[in-house]
Amino acid sequence: MSDKPFYMTAAALAGHGLDPLPAPFQLDAHLIWNSPAALDFNSPGAQGFGVKRAGLSIPGSIMLLISPGCCGRNTAALRGPGHYGERFAFYELNDNDIVTGRHLQRIPEAVAAFVASRTERPSVIMLCLTCVDALLGTDMERVCRRAEERCGLPVRPCYMYALTRDGSHPPMVAVRESIYGLLEPQKKDPTACNLLGYFTPLAADCELPTLLRQWGLKTVRQLATCADYAAYQDMATANFNLVLDSEARDAATQMAGRLHIPFIELRRTYQADRLANQYRALAKALGVHASNHFPFVTTVMQDIRAFCTQHSDLHFAIGSRLNANPFDLALALVRSGLTVEEIFANPRADDAYYVRQLGQLSPDTRIYTNLSPTMVHYDAADSGVTFAIGEDACWYHPDVPGIGWHDEIQPFGFAAIRALFTAMRQQLTPRGAPCPASPARLALGFAAKISFGR
């Protein structure tokens, strides 16, 4: 193993291309280092929304985790906010179960016992499976049907298969299909839409719901804001879905076929001009004539320019454990005149545009993979970084200012850009001094100032 951490410059990676990825970025081509900076990679349930928490996002749902003790032990960490611990039960597999598969006959009985133990009848039972059943080739759909017959409630699988994480159908894609697959066909409401992708709501100041309502949509639903199972089922009345995270694309495709709800996809981007173009395209798709000028775009751009002028000497490290596409965020900062020294992330095929642009505008930006064993030799002293964004980047650079930018409430749109620069400014303000008011922070009710003509 090399005694220096592996990286490729943006120019080198752009020249190579991402189809196929260079071998060091292919996670099945080498050993994986369990870097503390990327610990959540090793267990999707360890933090954030992994398969287990995602499966419980349906109001009134409960979950039976079917696994050996070693796979289920970290679920105890979920016995915190949200009372997740009260909604879990465990079917612990022993060696005989794994060898003979006898547990498959007993799962329906375990589901019925779990339902009977509840003081309130649940809305749905999620069966969470691990790599054990993936390797056994378990037909879990059949097991779910038998469990439904036994308990008289919907039973759905969610697969915590780390083996498929980098395949074409990873666990977080499959769990969204299971979640939205419970919706039953209903009469369509032409003034309703759904926001798909996240398991927590958009930030309260996000302008997207306001825009949609100004464009004539009276009801904008999100899974996280459904108060009960009936409200969740009302999502099936939507006239269309807006997909805000690519991991929900397959679920939206299934809803289009099964429920006849078409979808439009928006990318979370921190490039203000690209975001404005997305909104204009969305307005056009909805038959709304939007003016070419968005007042809040000017406000946000003024905020960005003020920050870059004041902090032009910053050198950034950007991680992958954050509420952003790290390559999009890096390009946004570079286009704003700032310097990005490092990116800690594994590029995907759909990052090709960002990588090509970075290769031209910031050719010396170093792109590392968190999971390379060579990262054990990483030394922050050689990086030149003066500000870190992302929990993993902050781990690599503990001695410089930084923000994790990984809260569960999801930033999106121009409000996300504004919040990002405000958070950075606060970290760079001397302790005890007030954070300087930026034009964006003073633009109260900026979303309400938008005017559109039909």
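**Entry 1: a network.** I began with Glu341, Glu342 and Arg366, which are linked in a network of salt bridges. I count a salt bridge when a side-chain nitrogen of Lys or Arg is within 4 Å of a carboxyl oxygen of Asp or Glu. This is a predicted model, so I ask for pLDDT of at least 70 for local features and 80 or more for side-chain atom pairs, while totals for chains, interfaces and linings use all residues. I number residues from 1 along each chain as its sequence is written, and side-chain values use heavy atoms, with hydrogens and water left out.

Glu341 sits in strand β12 (residues 339–344) and Arg366 in strand β13 (residues 366–368), so the pair ties together parts 25 residues apart in sequence. My helices (H or I, at least four residues) and strands (E, at least two) are DSSP runs, numbered from the N terminus. Glu341 is buried at 17% relative accessibility, and Arg366 is buried at 14%. For me, buried means under 20% relative accessible area, exposed over 50%, and partly exposed in between (1.4 Å probe, protein chains only).

**Entry 2: other salt bridges.** I searched the whole structure and found 11 salt bridges. One of them joins the side chains of Arg176 and Glu247 at 3.1 Å, N to O. Arg176 lies in helix α9 and Glu247 in the loop between β8 (240–243) and α12 (249–258), so this pair ties together parts 71 residues apart in sequence. Are the two partners buried or exposed? Arg176 is buried at 4%, whereas Glu247 is partly exposed at 27%.

I also noted Asp303 with Arg425, at 3.0 Å, N to O. Asp303 is in helix α14 (residues 295–310) and Arg425 in helix α18 (residues 413–428), so parts 122 residues apart in sequence are tied together. Both Asp303 and Arg425 are buried.

**Entry 3: Ile179.** I then went back to helix α9 (residues 171–180), where Ile179 has its place. Ile179 is buried, with a relative accessible area of 0%. Leaving out residues up to four places away in sequence, Ile179 touches Ala54, Ser57, Ile58, Phe199, Leu223 and Tyr232; contact means heavy atoms within 4.5 Å. Ile179 and Gly55 are 124 residues apart in sequence, yet 6.9 Å apart in space, C-alpha to C-alpha.
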